[in-house]
Amino acid sequence: MVLGNLLLFIAGIFSCASGAFVGINIGTDVSNMPSAPEVVAILKANQITHLRLYDADAHMLKALADSGIEVMVGITNEEVLGIGESPSKAAAWINQNVAAYLPSTNITSIAVGSEVLTTIPNLVPVLVPAMNNLHKALVASNLNFMVKVSTPQAMDIIPRPFPPSTATFNSSWSATVYQILQFLKNTDSYYMLNAYPYFGYTSGNGIFPLDYALFRSLPSVKQIVDPNTLSHYDSMFDALVDATYYSIEALNMSGIPIVVTETGWPWLGGANEPDAIADNAETFNRNLIRRVLNDSGPPSQPKVPINTYIYELFNEDKRPGPVSEKNWGLFFTNGSAVYTFSLSTSDQITGNNSDFCVAKPNADPGKLQAGLDWACGQGGASCNAIQEGQPCYLPNTYQNHASYAYNDYYQKKRSVGATCDFDGTAATTTVDPGMFIYYFLVISLTYLVSLSVFLQMTLN
């Protein structure tokens with residue numbers, strides 16, 4: 001039991017990612033779906049660090065063991081009713097689909113249903129009870145600090161998202177949304193938002209320009225401005241996220257971050273879908289990744305990054321509906337990319353970080369401190385995670401803190417010419433600086449396990 005708790009502790013504090021992340025959804029309506037190990041191999045090959053599953057597929061959860069990939073598992077809409085009505089079913093679901101895989105499989109969140117309010121209204125009365133039952137089951141298993149519970153909702157529950165400052169949730173759902181927000185606040189969780197600029201653009205009848213939906217810069221005469229706050233919106237994506245923040249605020253709630261659980265752009269459409277083309281999909285996802293990884297929020301919440309999951313890994317060719325519904329994938333099932341893209345701010349296709357900037361082991365401490373101060377200040381690196389009490393503070397050394405800050409700066413600015421030098425104290429490497437913390441934690445774990453064994457022998 002002691003060893004198990006120590007492993008859970010280590011897994012909990014090993015989530016030391018540098019700034020915001022871009023993850024990916026994996027749907028299941030796919031012909032010739034690769035095996036779970038093959039899917040994980042594709043994820044690893046492209047250094048995808050965050051994955052959302054729409055269910056709790058046992059093959060995938062097993063294959064993801066020891067991969068380090070952070071996993072969001074899903075409660076299907078068909079499962080919501082039983083879990084909402086029965087705490088024992090919720091407990092059984094947690095035991096079977098979460099506790100059984102931790103800590104080897106890094107499950108960090110549970111998505112309860114998918115757009116329940118707008119797609120299956122008859123489930124609305126049991127949605128929040130289902131979330132509560134799952135959370136109580138996590139508490140009973142001592143997993144509530146590792147695994148968060150939330151529920152993804154569509155933008156459709158906000159009928160008029162522009163201007164963002166006047167956006168509110170549909171009054172038909174406001175009571176339930178308020179209960180959801182209370183739950184998220186009480187459990188330190190986050191609001192899950194499915195936000196698609198593609199649909200906002202194609203249903204807008206020309207109100208907004210295509211460039212706005214694709215994160216392209218607009219001439220000054222066409223810039224999108226909220227007339228009430230005078231905030232400038234460089235993308236529809238930011239405006240949709242901000243509309244949700246303002247809608248939350250309108251219910252007198254605050255302090256609940258938003259995670260975009262779905263967004264993307266189809267790369268192929270039918271004759272009546274002229275904007276579903278590979279060039280637009282590539283542009284959208286490339287610019288989305290750059291936008292998210294700059295580690296900032298929308299105008300109303302500039303310091304809250306917008307962690308985002310792209311829809312989706314593979315084309316779901318078995319989905320019903322128009323041609324575009326079947327063609328959102330970034331990859332074909334053989335692992336080749338549908339179009340050129342990168343899950344980083346660089347122009348490589350090798351994933352989140354093909355190389356890293358770290359402090360040299362024997363660098364002068366004074367120079368490291370100066371480099372650290374510059375990176376966290378003028379350099380614009382996000383250094384909150386290396387402050388005392390935060391997940392990347394330990395080990396508390398100049399080299400660890402400088403490596404974190406140097407790499408954060410380098411990954412953000414390398415595309416505009418940033419170098420990895422810092423007065424001779426830094427160098428590039430193919431080893432993720434987060435591994436330094438891994439080694440520290442392994443040593444700590446070994447010591448704690450040895451101490452635990454020693455104490456047990458002494459007591460006996």
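Phenylalanine 284 has a relative accessibility of 0% and therefore counts as buried. The structure in which it lies is a predicted model.

**Aromatic pairs**

- A search of the whole structure finds 20 aromatic pairs.
- One of them joins phenylalanine 21 and tyrosine 309 in an edge-to-face arrangement, with 5.6 Å from centre to centre and 80° between the planes.
- This pair links distant parts of the chain, 288 residues apart: phenylalanine 21 is in the loop between helix 1 (2–13) and strand 1 (22–26), while tyrosine 309 belongs to strand 11 (residues 308–310).
- Both phenylalanine 21 and tyrosine 309 are buried.
- Tryptophan 265 and phenylalanine 284 form a tilted pair, because their ring centres are 5.5 Å apart and their planes lie at 35°. An angle under 30 degrees would count as stacked and one over 60 as edge-to-face.
- Tryptophan 265 sits in the loop between strand 10 (258–263) and helix 12 (278–293), and phenylalanine 284 sits in helix 12, 19 residues apart.
- Tryptophan 265, at 0% relative accessibility, also counts as buried.

**The aromatic cluster and phenylalanine 237**

- Ring pairs join Tyr196, Tyr198, Phe199, Phe215, Phe237, Trp265, Phe284, Tyr311 and Trp328 into a cluster.
- Phenylalanine 237, a member of this cluster, is located in helix 11 (residues 236–250).
- The relative accessibility of phenylalanine 237 is 0%, so this residue counts as buried.
- Setting aside neighbours within four places in sequence, phenylalanine 237 contacts Pro197, Phe215, Val260, Thr263, Leu288, Arg291, Ile306 and Thr308.
- The C-alpha atoms of phenylalanine 237 and alanine 213 are 7.1 Å apart in space, and the two residues are 24 residues apart in sequence.

**Nonpolar cores**

- The largest nonpolar core has 105 residues, of which Trp93, Val98, Ile110, Val112, Leu134 and Tyr191 touch the most other members.
- Leucine 134 touches Ile75, Ile83, Ala90, Trp93, Ile94, Ile110, Val112 and Val149, with residues up to four places away in sequence not counted.
- Another core, of 21 residues, lies apart from the largest one and includes Leu372, Ala375, Tyr404 and Phe422.
- In soluble globular proteins, nonpolar side chains tend to be buried together.

**Helix 13 against helix 14**

- Two packed helices are described by the angle between their axes and the distance between the axes.
- The axes of helix 13 (residues 365–376) and helix 14 come within 9 Å and cross at roughly 35°, and the crossing is left-handed.
- On the helix 13 side, the contact is made by Pro365, Lys367, Leu368, Gln369, Gly371, Leu372, Trp374, Ala375 and Cys376; these meet Tyr398, Gln399, His401, Ala402, Ala405, Tyr406 and Tyr409 of helix 14.
- By class, the residues of this contact are 11 nonpolar, 4 polar and 1 charged.

**Tyrosine 398**

- Tyrosine 398 lies in helix 14 (residues 398–413).
- Tyrosine 398 counts as partly exposed because its relative accessibility is 42%, a value that falls between the limits of under 20% for buried and over 50% for exposed.
- Apart from neighbours within four places in sequence, tyrosine 398 is in contact with Pro365, Leu368 and Gln369.
- The C-alpha atoms of tyrosine 398 and proline 361 are separated by 9.7 Å, although the two residues are 37 residues apart along the chain.

How values were computed. Residues numbered from 1 in each chain as written. Predicted model: local features only at pLDDT ≥ 70, side-chain atom pairs only at ≥ 80, totals over all residues. Heavy atoms only, no water. Core = buried A, V, L, I, M, F, W, Y, C linked by side-chain atoms within 4.5 Å. Buried < 20%, exposed > 50% of the residue type's maximum accessible area, 1.4 Å probe, protein only. Contact = heavy atoms within 4.5 Å. Phe/Tyr/Trp six-rings, centres within 6.5 Å; stacked < 30°, edge-to-face > 60°. Helix = DSSP H or I, 4+ residues; strand = E, 2+ residues; numbered from the N terminus. Axes fitted to C-alpha atoms, helices over the stretch in contact; angles between N-to-C directions. Left-handed = near helix turned anticlockwise from the far one by under 90°. Nonpolar A, V, L, I, M, F, W, Y, C, P; charged D, E, K, R; others polar.
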